[in-house]
Amino acid sequence: MKKLFSLTVVLLLAMSILTVPSMAAGENDGGAYGYLSYLSMTEADYVSRHEAERLAFDYLEEHGVLESVDRGSPRTKMIAYDSLDALFMALQTGEINAVDVPSCTARYMCAVNDQVKQAVLYHPEKAQGFSQDLLDRLCSGYSFMMLEENTELRDQFNEAISAMKADGALDRLIKEQIDDVIAGKDAVPIEMPVFEGAKTVRIGVTGAIPPMDYMTPYGIPAGFNTAVLAEIGTRTGVNVELVQVDSVSRALALSQGYVDAVFWTRGSSEGMVRDGISSMSEEELKAYQQKKAAEHTEEENAIMSALRRSFPFEEYACRDMPEGAIVTVPYYTDLNVLVVRK
């Protein structure tokens with residue numbers, strides 16, 4: 001078994017057979033679902049967003065982009081947790097029926113433990129037309145978060161990330177450090193390049209979203225995060241110092257100067273950045289929406305309108321950003337899906 005997950009989560013999953021042997025998906029009539037806390041989004045905001053997303057997810061399922069394996073109980077309550085350990089402990093003890101996590105984490109989780117399964121499978125390759133428009137707005141784009149005064153550093157990182165996308169380096173790292181690891185490949189920490197006399201940038205890593213961002217059982221950052229940072233360090237000529245921070249404390253670590261950047265924050269997806277939606281003025285966004293509305297059916301426009309009303313895109317893009325923060329372009333985009341106990 002790959003040993004990339006935090007040691008606590010691994011132990012919790014191993015103990016689940018003893019602690020709740022009869023608990024299976026849907027047996028708890030409470031219908032509570034858990035998710036990893038956002039920095040600028042309350043549970044009420046999350047519930048509102050979910051209500052609108054149900055129509056979008058139904059559409060995506062009809063068009064083969066999503067595949068329900070286990071619908072379980074209807075969502076009646078959604079609970080935010082500050083760490084993945086706490087999230088999965090709640091699942092194992094029956095406090096919640098399912099966890100809402102990025103698809104890569106769901107796939108990894110189910111690959112390393114046969115006591116859980118994906119309730120929803122994600123097939124992004126099947127998205128086209130309006131389905132792709134929905135994914136552009138539903139997916140999370142994972143970016144580096146910095147303070148406003150670090151605009152120059154943000155621009156350096158943007159240039160490196162864009163170059164990595166253009167020359168295929170980022171796709172290669174995603175395959176090697178995410179897809180191949182899920183398929184069974186062992187991963188090890190990657191050594192950061194060192195440039196004598198160069199500036200040192202302290203990057204906070206949380207280990208909260210394996211295999212994208214994780215710690216080995218020995219507390220060492222490893223995998224995709226270290227690989228991306230090593231590549232950015234090489235391209236920008238800066239020395240990267242990795243600093244472990246708690247997921248819930250990452251904004252505080254940034255604001256107090258403990259780190260210069262945080263490895264991940266959830267914001268605009270690659271599609272929204274590519275189309276320029278995330279940086280449009282109010283007038284430009286309105287014109288864009290009118291253009292898209294003319295291309296969509298009445299049903300499709302109703303779905304998109306429901307999403308806008310529940311949580312406007314400009315607010316949803318900032319759901320993981322405290323005031324005074326800026327982000328890079330996304331280096332990874334993913335859709336959250338559900339994991340349940342078998």
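Predicted model: local features only at pLDDT ≥ 70, side-chain atom pairs only at ≥ 80, totals over all residues.
Which ring has the charged end of Arg49 over it? Select Arg49 and Tyr316 to find out. The charged end of Arg49 sits over the ring of Tyr316, 3.7 Å from the ring centre.

**Whole chain**

Zoom out and colour by secondary structure. The protein has 13 helices and 15 strands. Of its 342 residues, 53% count as buried. The accessible surface comes to about 15100 Å², and carbon and sulfur atoms account for 51% of that area. Next, consider contacts between residues at least 6 apart in sequence: 85% of them join residues at least 24 apart.

**The five-stranded sheet**

Select strands β3, β1, β4, β15 and β5. In that order they make up an open sheet with mixed pairing. Look at the two edges: β3 (77-81) and β5 (116-118) each pair on one side only. From one strand to the next, the twist averages 30 degrees.

As background, strands of a sheet pair through backbone hydrogen bonds, either parallel or antiparallel.

How many bridges does β1 share with β3? There are five, and the two strands pair in the parallel sense.

Show helix α2, residues 43-62. Helix α2 lies across β1, β3 and β4 (98-102). Its direction runs at about 130 degrees to β3.

Then show helix α3, residues 84-93. Helix α3 packs on the sheet and touches β1, β3, β4, β5 and β15 (336-341). Its direction makes about 150 degrees with that of β4.

**Ser103**

Go to helix α4, residues 103-112, and select Ser103, which is found in this helix. Is Ser103 buried or exposed? Its relative accessible area is 5%, below the 20% cut-off, so Ser103 is buried. Leave aside the neighbours within four places in sequence, and display what remains in contact. Ser103 then touches Tyr122, Asp334, Leu335, Asn336 and Val337.

**Aromatic pairs**

Display the rings of Phe, Tyr and Trp. The whole structure holds 13 aromatic pairs. Start with Phe144 and Phe157. Their rings are edge-to-face, 5.1 Å centre to centre, with 85 degrees between the planes. Phe144 lies in strand β7 (residues 140-147) and Phe157 in helix α6 (residues 151-166), so the pair ties together parts that are 13 residues apart in sequence. Both Phe144 and Phe157 are buried.

Move on to Phe263 and Tyr331. What kind of pair do these rings form? The ring centres are 5.0 Å apart and the planes meet at 35 degrees, so the pair is tilted. This pair links distant parts of the chain, 68 residues apart. Phe263 is in strand β12 (residues 261-267), while Tyr331 is in the loop between β13 (325-327) and β14 (332-334).

Phe263 has a relative accessible area of 0% and is buried. Tyr331, at 2% relative accessibility, counts as buried too.

**Last stop: the ring cluster**

Select Tyr142, Phe144, Phe157, Phe224, Phe263, Trp264, Tyr331 and Tyr332 together. Ring pairs link these residues into a cluster. Phe144, Phe157, Phe263 and Tyr331 from the previous stop are among its members.

Conventions. Residues numbered from 1 in each chain as written. Heavy atoms only, no water. Pairing = 2+ DSSP bridges. Helix = DSSP H or I, 4+ residues; strand = E, 2+ residues; numbered from the N terminus. Axes fitted to C-alpha atoms, helices over the stretch in contact; angles between N-to-C directions. Contact = heavy atoms within 4.5 Å. Phe/Tyr/Trp six-rings, centres within 6.5 Å; stacked < 30°, edge-to-face > 60°. Buried < 20%, exposed > 50% of the residue type's maximum accessible area, 1.4 Å probe, protein only. Lys NZ or Arg CZ within 6 Å of the ring centre and 35° of its normal. Areas by Shrake-Rupley, 256 points an atom, 1.4 Å probe, with all protein chains shown as cover.
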